[in-house]
Amino acid sequence: MTAPLDLLDLDPSLTDEERQIRDVVRQLVDDRVRPHVADWYEQGQVPARELAREFGKLGLLGMHLTGYGCAGASAVAYGLACQELEAGDSGLRSLVSVQGSLAMYAIWRYGSEEQKQRWLPSMATGEAIGCFGLTEPDHGSDPASMTTRARRDGDDWVLTGAKMWITNAPIADVAVIWARTDEGVRGFAVPMDTPGVTAREIRRKMSLRASVTGEIALDDVRLPADARLPEASGLKAPLSCLTEARYGIVWGAVGAARDCLETTLAYAGTRTQFGRPLAGFQLTQAKLADMAVELVKGQLLALHLGRLADAHRLRPDQVSVGKLNNVREALAIARQCRTILGANGVSGEYPIMRHANNLESVLTYEGTSEIHQLVVGQRLTGLSAFA
Ligand SMILES: Cc1cc2nc3c(=O)[nH]c(=O)nc-3n(C[C@H](O)[C@H](O)[C@H](O)COP(=O)(O)OP(=O)(O)OC[C@H]3O[C@@H](n4cnc5c(N)ncnc54)[C@H](O)[C@@H]3O)c2cc1C
(Lines give C-alpha, C1' and ligand atoms only; values in the text may rest on other atoms or scores of the structure.)
Protein backbone atom coordinates (compact mmCIF):
# COMPACT_ATOMS: atom_id res chain seq x y z
CA MET A 1 0.00 0.00 0.00
CA THR A 2 1.36 3.44 -0.77
CA ALA A 3 1.63 6.23 1.77
CA PRO A 4 -0.48 7.88 3.13
CA LEU A 5 -2.97 5.01 2.83
CA ASP A 6 -0.68 2.64 4.75
CA LEU A 7 -2.06 4.00 8.02
CA LEU A 8 -0.73 1.09 10.08
CA ASP A 9 2.72 0.80 8.48
CA LEU A 10 2.05 -2.67 7.14
CA ASP A 11 4.73 -2.38 4.50
CA PRO A 12 7.63 -3.34 6.80
CA SER A 13 5.80 -6.54 7.81
CA LEU A 14 6.30 -7.86 4.27
CA THR A 15 9.54 -9.59 3.36
CA ASP A 16 11.88 -8.06 0.79
CA GLU A 17 10.87 -10.76 -1.69
CA GLU A 18 7.16 -10.11 -1.13
CA ARG A 19 7.65 -6.37 -1.65
CA GLN A 20 9.69 -7.05 -4.77
CA ILE A 21 6.99 -9.25 -6.31
CA ARG A 22 4.34 -6.69 -5.44
CA ASP A 23 6.34 -3.88 -7.03
CA VAL A 24 7.00 -5.85 -10.24
CA VAL A 25 3.28 -6.60 -10.66
CA ARG A 26 2.39 -3.00 -9.83
CA GLN A 27 4.75 -1.83 -12.55
CA LEU A 28 3.27 -4.29 -15.05
CA VAL A 29 -0.22 -3.00 -14.25
CA ASP A 30 0.95 0.61 -14.61
CA ASP A 31 2.65 -0.04 -17.95
CA ARG A 32 0.45 -2.61 -19.56
CA VAL A 33 -3.02 -2.33 -18.05
CA ARG A 34 -3.81 1.19 -16.87
CA PRO A 35 -3.28 2.93 -20.23
CA HIS A 36 -5.77 0.59 -21.97
CA VAL A 37 -8.19 -0.84 -19.46
CA ALA A 38 -10.88 1.84 -19.80
CA ASP A 39 -11.08 1.09 -23.55
CA TRP A 40 -11.09 -2.67 -23.02
CA TYR A 41 -13.87 -2.21 -20.53
CA GLU A 42 -15.94 0.06 -22.73
CA GLN A 43 -15.54 -2.18 -25.76
CA GLY A 44 -16.02 -5.37 -23.75
CA GLN A 45 -12.91 -6.77 -25.36
CA VAL A 46 -9.61 -7.60 -23.74
CA PRO A 47 -6.46 -9.09 -25.33
CA ALA A 48 -6.60 -11.93 -22.81
CA ARG A 49 -4.27 -14.32 -24.63
CA GLU A 50 -1.61 -11.67 -25.08
CA LEU A 51 -1.91 -10.62 -21.44
CA ALA A 52 -1.80 -14.23 -20.28
CA ARG A 53 1.55 -14.68 -22.01
CA GLU A 54 2.87 -11.52 -20.34
CA PHE A 55 1.58 -12.65 -16.96
CA GLY A 56 3.15 -16.06 -17.67
CA LYS A 57 6.53 -14.47 -18.36
CA LEU A 58 6.43 -12.91 -14.90
CA GLY A 59 5.50 -16.24 -13.33
CA LEU A 60 2.04 -15.08 -12.23
CA LEU A 61 0.09 -18.06 -13.59
CA GLY A 62 -0.16 -20.81 -11.01
CA MET A 63 2.46 -18.86 -9.08
CA HIS A 64 1.68 -20.50 -5.73
CA LEU A 65 2.01 -24.01 -7.21
CA THR A 66 5.26 -25.96 -7.36
CA GLY A 67 6.89 -27.84 -10.26
CA TYR A 68 5.76 -27.98 -13.90
CA GLY A 69 7.10 -24.48 -14.58
CA CYS A 70 5.18 -22.88 -11.71
CA ALA A 71 6.89 -20.27 -9.54
CA GLY A 72 6.29 -21.87 -6.13
CA ALA A 73 5.75 -18.46 -4.49
CA SER A 74 4.31 -18.01 -1.01
CA ALA A 75 0.60 -17.47 -0.45
CA VAL A 76 1.31 -13.90 0.68
CA ALA A 77 3.29 -13.17 -2.49
CA TYR A 78 0.44 -14.59 -4.59
CA GLY A 79 -2.03 -12.47 -2.65
CA LEU A 80 0.01 -9.32 -3.18
CA ALA A 81 0.08 -10.05 -6.92
CA CYS A 82 -3.72 -10.42 -6.88
CA GLN A 83 -4.01 -7.12 -5.04
CA GLU A 84 -1.97 -5.29 -7.67
CA LEU A 85 -3.77 -6.95 -10.59
CA GLU A 86 -7.17 -6.06 -9.20
CA ALA A 87 -6.04 -2.49 -8.54
CA GLY A 88 -5.83 -2.49 -12.35
CA ASP A 89 -9.10 -4.33 -12.96
CA SER A 90 -10.96 -7.26 -11.38
CA GLY A 91 -11.17 -8.84 -14.84
CA LEU A 92 -7.40 -9.28 -15.02
CA ARG A 93 -7.21 -10.74 -11.54
CA SER A 94 -10.02 -13.08 -12.64
CA LEU A 95 -7.96 -14.20 -15.61
CA VAL A 96 -5.07 -15.05 -13.31
CA SER A 97 -7.26 -16.58 -10.58
CA VAL A 98 -9.17 -18.84 -12.93
CA GLN A 99 -6.05 -19.94 -14.72
CA GLY A 100 -3.92 -20.55 -11.62
CA SER A 101 -6.21 -21.23 -8.70
CA LEU A 102 -9.05 -23.03 -10.47
CA ALA A 103 -7.93 -24.72 -13.70
CA MET A 104 -4.24 -25.29 -12.94
CA TYR A 105 -4.80 -26.05 -9.27
CA ALA A 106 -7.44 -28.68 -10.15
CA ILE A 107 -5.02 -30.44 -12.50
CA TRP A 108 -2.04 -29.97 -10.14
CA ARG A 109 -3.93 -31.30 -7.12
CA TYR A 110 -6.17 -33.96 -8.67
CA GLY A 111 -4.65 -34.80 -12.06
CA SER A 112 -2.49 -37.73 -13.19
CA GLU A 113 1.20 -37.21 -13.90
CA GLU A 114 0.39 -37.33 -17.65
CA GLN A 115 -2.31 -34.66 -17.28
CA LYS A 116 0.07 -32.45 -15.31
CA GLN A 117 2.83 -32.85 -17.90
CA ARG A 118 0.41 -32.21 -20.73
CA TRP A 119 -1.22 -29.05 -19.42
CA LEU A 120 0.62 -27.32 -16.57
CA PRO A 121 3.85 -26.13 -18.25
CA SER A 122 2.00 -24.47 -21.14
CA MET A 123 -0.61 -23.03 -18.76
CA ALA A 124 2.16 -21.57 -16.59
CA THR A 125 3.57 -19.69 -19.58
CA GLY A 126 0.13 -18.59 -20.73
CA GLU A 127 0.43 -20.48 -24.02
CA ALA A 128 -2.57 -22.58 -22.98
CA ILE A 129 -5.62 -21.07 -21.28
CA GLY A 130 -7.76 -22.98 -18.84
CA CYS A 131 -11.28 -22.55 -17.50
CA PHE A 132 -13.28 -24.16 -14.72
CA GLY A 133 -16.83 -25.30 -15.30
CA LEU A 134 -18.86 -25.83 -12.16
CA THR A 135 -21.84 -23.44 -12.44
CA GLU A 136 -24.75 -24.49 -14.65
CA PRO A 137 -27.70 -22.51 -16.02
CA ASP A 138 -29.96 -23.91 -13.26
CA HIS A 139 -27.42 -24.56 -10.50
CA GLY A 140 -25.15 -21.84 -9.09
CA SER A 141 -24.92 -21.66 -5.31
CA ASP A 142 -26.03 -25.29 -5.10
CA PRO A 143 -23.56 -27.19 -7.29
CA ALA A 144 -24.48 -30.47 -5.58
CA SER A 145 -27.63 -30.42 -7.74
CA MET A 146 -25.65 -30.26 -11.00
CA THR A 147 -27.17 -32.11 -13.94
CA THR A 148 -24.17 -32.33 -16.27
CA ARG A 149 -23.56 -36.04 -16.55
CA ALA A 150 -20.61 -38.24 -17.37
CA ARG A 151 -21.40 -41.85 -18.23
CA ARG A 152 -19.08 -44.71 -19.03
CA ASP A 153 -19.16 -46.21 -22.51
CA GLY A 154 -16.59 -48.98 -22.67
CA ASP A 155 -13.34 -47.33 -21.58
CA ASP A 156 -14.56 -43.91 -22.64
CA TRP A 157 -16.52 -41.25 -20.81
CA VAL A 158 -19.38 -39.42 -22.49
CA LEU A 159 -20.28 -35.96 -21.12
CA THR A 160 -23.62 -34.23 -21.63
CA GLY A 161 -24.82 -30.97 -20.15
CA ALA A 162 -24.13 -27.25 -19.97
CA LYS A 163 -21.98 -24.92 -17.90
CA MET A 164 -22.78 -21.24 -17.52
CA TRP A 165 -20.88 -18.08 -16.54
CA ILE A 166 -17.51 -19.68 -17.16
CA THR A 167 -14.59 -17.23 -17.10
CA ASN A 168 -12.19 -17.68 -20.04
CA ALA A 169 -14.39 -20.37 -21.68
CA PRO A 170 -14.48 -18.79 -25.18
CA ILE A 171 -10.69 -18.53 -25.31
CA ALA A 172 -9.79 -21.68 -23.38
CA ASP A 173 -7.75 -24.63 -24.61
CA VAL A 174 -8.82 -26.85 -21.74
CA ALA A 175 -11.81 -26.86 -19.43
CA VAL A 176 -11.92 -28.56 -16.06
CA ILE A 177 -15.51 -29.82 -16.11
CA TRP A 178 -17.31 -31.15 -13.05
CA ALA A 179 -20.00 -33.73 -13.78
CA ARG A 180 -22.23 -36.19 -12.02
CA THR A 181 -21.38 -39.89 -12.49
CA ASP A 182 -22.84 -43.07 -11.01
CA GLU A 183 -20.12 -42.83 -8.34
CA GLY A 184 -20.69 -39.13 -7.53
CA VAL A 185 -19.17 -35.87 -8.78
CA ARG A 186 -15.98 -36.26 -10.82
CA GLY A 187 -13.68 -33.84 -12.67
CA PHE A 188 -12.51 -34.05 -16.27
CA ALA A 189 -9.79 -32.21 -18.21
CA VAL A 190 -11.63 -31.53 -21.45
CA PRO A 191 -9.69 -30.18 -24.47
CA MET A 192 -11.94 -27.47 -25.89
CA ASP A 193 -11.46 -28.77 -29.44
CA THR A 194 -13.09 -32.11 -28.58
CA PRO A 195 -16.08 -32.77 -30.88
CA GLY A 196 -19.34 -31.87 -29.10
CA VAL A 197 -17.82 -29.02 -27.02
CA THR A 198 -18.97 -25.50 -27.92
CA ALA A 199 -18.32 -22.27 -26.07
CA ARG A 200 -20.34 -19.13 -26.63
CA GLU A 201 -19.44 -15.74 -25.25
CA ILE A 202 -21.89 -14.12 -22.83
CA ARG A 203 -22.43 -10.57 -24.03
CA ARG A 204 -24.00 -7.45 -22.48
CA LYS A 205 -22.31 -7.91 -19.12
CA MET A 206 -22.38 -4.65 -17.18
CA SER A 207 -19.61 -5.89 -14.92
CA LEU A 208 -16.22 -7.52 -15.50
CA ARG A 209 -16.26 -6.28 -19.07
CA ALA A 210 -12.48 -6.68 -19.29
CA SER A 211 -12.88 -10.42 -18.77
CA VAL A 212 -14.14 -13.07 -21.19
CA THR A 213 -17.11 -15.07 -19.91
CA GLY A 214 -18.96 -17.84 -21.69
CA GLU A 215 -21.27 -20.79 -21.57
CA ILE A 216 -20.15 -24.27 -22.52
CA ALA A 217 -22.41 -26.83 -24.18
CA LEU A 218 -21.39 -30.47 -23.85
CA ASP A 219 -23.18 -32.55 -26.42
CA ASP A 220 -22.23 -36.22 -26.14
CA VAL A 221 -18.59 -35.34 -25.67
CA ARG A 222 -16.56 -38.54 -25.90
CA LEU A 223 -13.39 -38.57 -23.84
CA PRO A 224 -10.79 -41.27 -23.23
CA ALA A 225 -10.62 -42.83 -19.76
CA ASP A 226 -7.52 -40.80 -18.94
CA ALA A 227 -9.40 -37.48 -19.23
CA ARG A 228 -10.82 -37.96 -15.75
CA LEU A 229 -8.88 -36.33 -12.91
CA PRO A 230 -8.08 -39.52 -11.00
CA GLU A 231 -7.67 -38.02 -7.54
CA ALA A 232 -10.89 -35.96 -7.56
CA SER A 233 -13.76 -37.63 -5.80
CA GLY A 234 -16.95 -35.83 -4.76
CA LEU A 235 -17.89 -32.17 -4.50
CA LYS A 236 -15.12 -31.47 -2.01
CA ALA A 237 -12.65 -31.48 -4.92
CA PRO A 238 -14.12 -28.48 -6.79
CA LEU A 239 -14.86 -26.78 -3.46
CA SER A 240 -11.17 -27.04 -2.52
CA CYS A 241 -10.29 -25.29 -5.81
CA LEU A 242 -12.78 -22.54 -4.96
CA THR A 243 -11.06 -22.03 -1.60
CA GLU A 244 -7.81 -21.36 -3.48
CA ALA A 245 -9.45 -18.80 -5.76
CA ARG A 246 -11.41 -17.16 -2.96
CA TYR A 247 -8.17 -16.59 -1.11
CA GLY A 248 -6.89 -14.55 -4.07
CA ILE A 249 -10.12 -12.53 -4.05
CA VAL A 250 -9.61 -11.63 -0.38
CA TRP A 251 -6.49 -9.74 -1.53
CA GLY A 252 -7.76 -8.65 -4.91
CA ALA A 253 -10.80 -6.82 -3.57
CA VAL A 254 -8.51 -4.73 -1.37
CA GLY A 255 -6.60 -3.75 -4.51
CA ALA A 256 -9.73 -2.46 -6.24
CA ALA A 257 -10.70 -0.53 -3.10
CA ARG A 258 -7.22 0.95 -2.79
CA ASP A 259 -7.27 2.16 -6.37
CA CYS A 260 -10.63 3.85 -5.73
CA LEU A 261 -9.37 5.52 -2.59
CA GLU A 262 -6.08 6.66 -4.12
CA THR A 263 -7.97 8.17 -7.04
CA THR A 264 -10.41 9.86 -4.68
CA LEU A 265 -7.73 11.30 -2.39
CA ALA A 266 -5.99 12.85 -5.38
CA TYR A 267 -9.26 14.18 -6.77
CA ALA A 268 -10.49 15.58 -3.48
CA GLY A 269 -7.18 17.34 -2.95
CA THR A 270 -7.41 19.31 -6.17
CA ARG A 271 -11.12 19.79 -6.86
CA THR A 272 -12.28 23.06 -5.34
CA GLN A 273 -15.85 23.99 -4.35
CA PHE A 274 -16.94 26.86 -2.13
CA GLY A 275 -13.37 28.12 -2.30
CA ARG A 276 -11.65 25.11 -0.78
CA PRO A 277 -10.60 21.61 -1.85
CA LEU A 278 -13.20 18.87 -1.33
CA ALA A 279 -10.64 17.17 0.95
CA GLY A 280 -10.91 20.14 3.34
CA PHE A 281 -14.59 19.55 4.15
CA GLN A 282 -15.24 17.66 7.37
CA LEU A 283 -17.91 15.52 5.73
CA THR A 284 -15.46 14.45 3.05
CA GLN A 285 -12.78 13.71 5.62
CA ALA A 286 -15.21 11.57 7.60
CA LYS A 287 -15.83 9.50 4.46
CA LEU A 288 -12.11 9.29 3.66
CA ALA A 289 -11.18 8.30 7.21
CA ASP A 290 -13.85 5.59 7.45
CA MET A 291 -12.83 4.16 4.07
CA ALA A 292 -9.12 4.19 4.91
CA VAL A 293 -9.85 2.37 8.19
CA GLU A 294 -11.85 -0.32 6.34
CA LEU A 295 -9.13 -0.60 3.73
CA VAL A 296 -6.38 -1.20 6.22
CA LYS A 297 -8.55 -3.67 8.16
CA GLY A 298 -9.09 -5.58 4.92
CA GLN A 299 -5.37 -5.52 4.25
CA LEU A 300 -4.60 -6.83 7.74
CA LEU A 301 -7.15 -9.59 7.32
CA ALA A 302 -5.68 -10.62 3.96
CA LEU A 303 -2.17 -10.64 5.38
CA HIS A 304 -3.23 -12.67 8.39
CA LEU A 305 -4.97 -15.26 6.18
CA GLY A 306 -1.91 -15.33 3.93
CA ARG A 307 0.39 -16.05 6.86
CA LEU A 308 -1.99 -18.82 7.98
CA ALA A 309 -1.94 -20.26 4.45
CA ASP A 310 1.85 -20.22 4.37
CA ALA A 311 1.84 -22.07 7.70
CA HIS A 312 -0.65 -24.60 6.17
CA ARG A 313 -3.20 -23.67 8.81
CA LEU A 314 -5.81 -21.83 6.74
CA ARG A 315 -9.37 -23.22 6.96
CA PRO A 316 -12.04 -22.70 4.27
CA ASP A 317 -14.34 -20.90 6.74
CA GLN A 318 -11.54 -18.42 7.44
CA VAL A 319 -11.31 -17.73 3.72
CA SER A 320 -15.07 -17.14 3.81
CA VAL A 321 -14.55 -14.52 6.55
CA GLY A 322 -12.03 -12.78 4.30
CA LYS A 323 -14.05 -12.96 1.10
CA LEU A 324 -17.25 -11.86 2.81
CA ASN A 325 -15.66 -8.88 4.53
CA ASN A 326 -13.22 -7.67 1.94
CA VAL A 327 -15.50 -7.79 -1.09
CA ARG A 328 -18.39 -6.23 0.81
CA GLU A 329 -16.20 -3.43 2.16
CA ALA A 330 -14.45 -2.89 -1.17
CA LEU A 331 -17.82 -2.42 -2.83
CA ALA A 332 -18.89 0.02 -0.10
CA ILE A 333 -15.64 1.95 -0.57
CA ALA A 334 -16.08 2.08 -4.36
CA ARG A 335 -19.63 3.41 -3.99
CA GLN A 336 -18.58 6.00 -1.39
CA CYS A 337 -15.62 7.14 -3.52
CA ARG A 338 -18.05 7.57 -6.37
CA THR A 339 -19.96 10.16 -4.38
CA ILE A 340 -16.83 12.23 -3.72
CA LEU A 341 -16.08 12.46 -7.44
CA GLY A 342 -19.57 13.78 -8.11
CA ALA A 343 -20.46 13.53 -11.79
CA ASN A 344 -16.92 12.50 -12.64
CA GLY A 345 -17.56 9.47 -10.48
CA VAL A 346 -19.75 7.96 -13.17
CA SER A 347 -17.24 8.66 -15.93
CA GLY A 348 -15.03 5.99 -17.45
CA GLU A 349 -12.23 8.54 -17.38
CA TYR A 350 -11.86 7.54 -13.73
CA PRO A 351 -11.62 3.92 -12.56
CA ILE A 352 -14.17 4.09 -9.77
CA MET A 353 -17.43 3.12 -11.45
CA ARG A 354 -15.59 0.35 -13.31
CA HIS A 355 -14.29 -1.06 -10.02
CA ALA A 356 -17.73 -0.73 -8.42
CA ASN A 357 -19.38 -2.55 -11.31
CA ASN A 358 -16.71 -5.24 -11.29
CA LEU A 359 -17.09 -5.79 -7.57
CA GLU A 360 -20.77 -6.65 -8.12
CA SER A 361 -19.58 -9.79 -9.92
CA VAL A 362 -16.89 -10.44 -7.35
CA LEU A 363 -19.57 -10.28 -4.64
CA THR A 364 -21.47 -13.02 -6.49
CA TYR A 365 -18.89 -15.40 -7.90
CA GLU A 366 -16.79 -17.84 -5.90
CA GLY A 367 -19.66 -18.11 -3.45
CA THR A 368 -22.08 -15.24 -2.97
CA SER A 369 -21.83 -13.19 0.21
CA GLU A 370 -24.92 -15.02 1.50
CA ILE A 371 -23.20 -18.38 0.98
CA HIS A 372 -20.16 -17.13 2.92
CA GLN A 373 -22.45 -15.91 5.70
CA LEU A 374 -23.87 -19.43 5.83
CA VAL A 375 -20.37 -20.94 6.00
CA VAL A 376 -19.44 -18.63 8.88
CA GLY A 377 -22.83 -19.18 10.50
CA GLN A 378 -22.31 -22.93 10.39
CA ARG A 379 -18.87 -22.54 11.96
CA LEU A 380 -20.37 -20.45 14.76
CA THR A 381 -23.47 -22.53 15.48
CA GLY A 382 -22.64 -26.01 14.27
CA LEU A 383 -25.88 -25.89 12.30
CA SER A 384 -26.13 -25.99 8.50
CA ALA A 385 -28.67 -23.47 7.21
CA PHE A 386 -27.98 -24.01 3.51
CA ALA A 387 -31.18 -25.84 2.71
C1 LIG B 1 -18.57 -12.65 -14.29
C2 LIG B 1 -18.77 -14.00 -13.68
C3 LIG B 1 -17.80 -14.99 -13.87
C4 LIG B 1 -18.01 -16.28 -13.35
N5 LIG B 1 -17.05 -17.27 -13.57
C6 LIG B 1 -17.31 -18.55 -13.19
C7 LIG B 1 -16.39 -19.62 -13.54
O8 LIG B 1 -15.30 -19.38 -14.10
N9 LIG B 1 -16.75 -20.90 -13.23
C10 LIG B 1 -17.91 -21.20 -12.59
O11 LIG B 1 -18.16 -22.38 -12.36
N12 LIG B 1 -18.79 -20.21 -12.25
C13 LIG B 1 -18.52 -18.91 -12.53
N14 LIG B 1 -19.41 -17.90 -12.21
C15 LIG B 1 -20.69 -18.25 -11.60
C16 LIG B 1 -20.79 -17.90 -10.13
O17 LIG B 1 -19.95 -18.72 -9.36
C18 LIG B 1 -22.27 -18.02 -9.73
O19 LIG B 1 -22.93 -16.92 -10.34
C20 LIG B 1 -22.48 -18.02 -8.22
O21 LIG B 1 -22.06 -19.23 -7.66
C22 LIG B 1 -23.96 -17.80 -7.85
O23 LIG B 1 -24.80 -18.63 -8.57
P24 LIG B 1 -26.07 -18.03 -9.35
O25 LIG B 1 -25.63 -16.87 -10.15
O26 LIG B 1 -26.71 -19.17 -10.06
O27 LIG B 1 -27.02 -17.47 -8.23
P28 LIG B 1 -28.07 -18.31 -7.34
O29 LIG B 1 -27.39 -19.51 -6.78
O30 LIG B 1 -29.33 -18.49 -8.13
O31 LIG B 1 -28.34 -17.29 -6.16
C32 LIG B 1 -29.17 -16.14 -6.31
C33 LIG B 1 -29.29 -15.44 -4.96
O34 LIG B 1 -29.86 -16.34 -4.01
C35 LIG B 1 -29.01 -16.45 -2.87
N36 LIG B 1 -29.04 -17.81 -2.33
C37 LIG B 1 -28.84 -18.99 -2.98
N38 LIG B 1 -28.93 -20.02 -2.11
C39 LIG B 1 -29.17 -19.47 -0.89
C40 LIG B 1 -29.35 -20.01 0.42
N41 LIG B 1 -29.25 -21.31 0.66
N42 LIG B 1 -29.59 -19.15 1.44
C43 LIG B 1 -29.65 -17.81 1.21
N44 LIG B 1 -29.47 -17.24 0.00
C45 LIG B 1 -29.25 -18.06 -1.02
C46 LIG B 1 -27.62 -16.14 -3.42
O47 LIG B 1 -26.75 -15.75 -2.39
C48 LIG B 1 -27.95 -15.02 -4.40
O49 LIG B 1 -28.06 -13.81 -3.71
C50 LIG B 1 -19.19 -16.57 -12.64
C51 LIG B 1 -20.15 -15.56 -12.44
C52 LIG B 1 -19.94 -14.29 -12.94
C53 LIG B 1 -20.97 -13.22 -12.71
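A pocket here is an open set of grid points where a 1.4 Å probe fits, with protein on both sides within 12 Å along at least five of seven lines. In this predicted model, the ligand sits in the largest pocket.

**Ligand shell**
- There are 17 residues around the ligand, and the ones that come nearest are Thr135, Ser141, Trp165, Thr368 and Glu370.
- Three elements each put at least two residues into the shell: strand S3 (156-167), helix H10 (352-364) and helix H11 (369-381).
- S3 gives the largest share of that shell, with 3 residues.

**Polar contacts and cover**
- Phe386 gets involved through its backbone, with an N or O atom 2.8 Å from a ligand nitrogen.
- Phe132 also uses its backbone: a polar atom there is 2.9 Å from a nitrogen atom of the ligand.
- As for cover, the ligand has 970 Å² of accessible area on its own, and the protein covers 67% of that.

**Ser90**
- You'll find Ser90 in helix H5, which runs over residues 90-110.
- Ser90 counts as buried because its relative accessibility is 0%, and the cut-off for buried is under 20%.
- Leaving out residues up to four places away in sequence, Ser90 touches Leu208, Asn358, Val362 and Tyr365.

Notes:
Residues are numbered from 1 along each chain as its sequence is written. This is a predicted model: local features need pLDDT of at least 70, side-chain atom pairs count only at pLDDT 80 or more; totals for chains, interfaces and linings use all residues. Side-chain values use heavy atoms; hydrogens and water are left out. Helices (H or I, at least four residues) and strands (E, at least two) are DSSP runs, numbered from the N terminus. Buried means under 20% relative accessible area, exposed over 50%, partly exposed in between (1.4 Å probe, protein chains only). Contact means heavy atoms within 4.5 Å. A residue is near a molecule or strand if one of its heavy atoms lies within 4 Å of it. A polar contact is a pair of N or O atoms within 3.5 Å; within protein, one must be able to donate a hydrogen and the other to accept it, and residues adjacent in sequence count only if both atoms are side-chain atoms. Accessible areas come from the Shrake-Rupley method with a 1.4 Å probe; for residues, only the protein chains shown count as cover. On a 1 Å grid over the protein atoms alone, a cavity is a set of points where a 1.4 Å probe fits but cannot get out, and a pocket is an open set with protein on both sides within 12 Å along at least five of seven lines; lining residues have an atom within 4 Å of a point. A molecule sits in a cavity or pocket if more than half of its atoms lie within 2 Å of its grid points.
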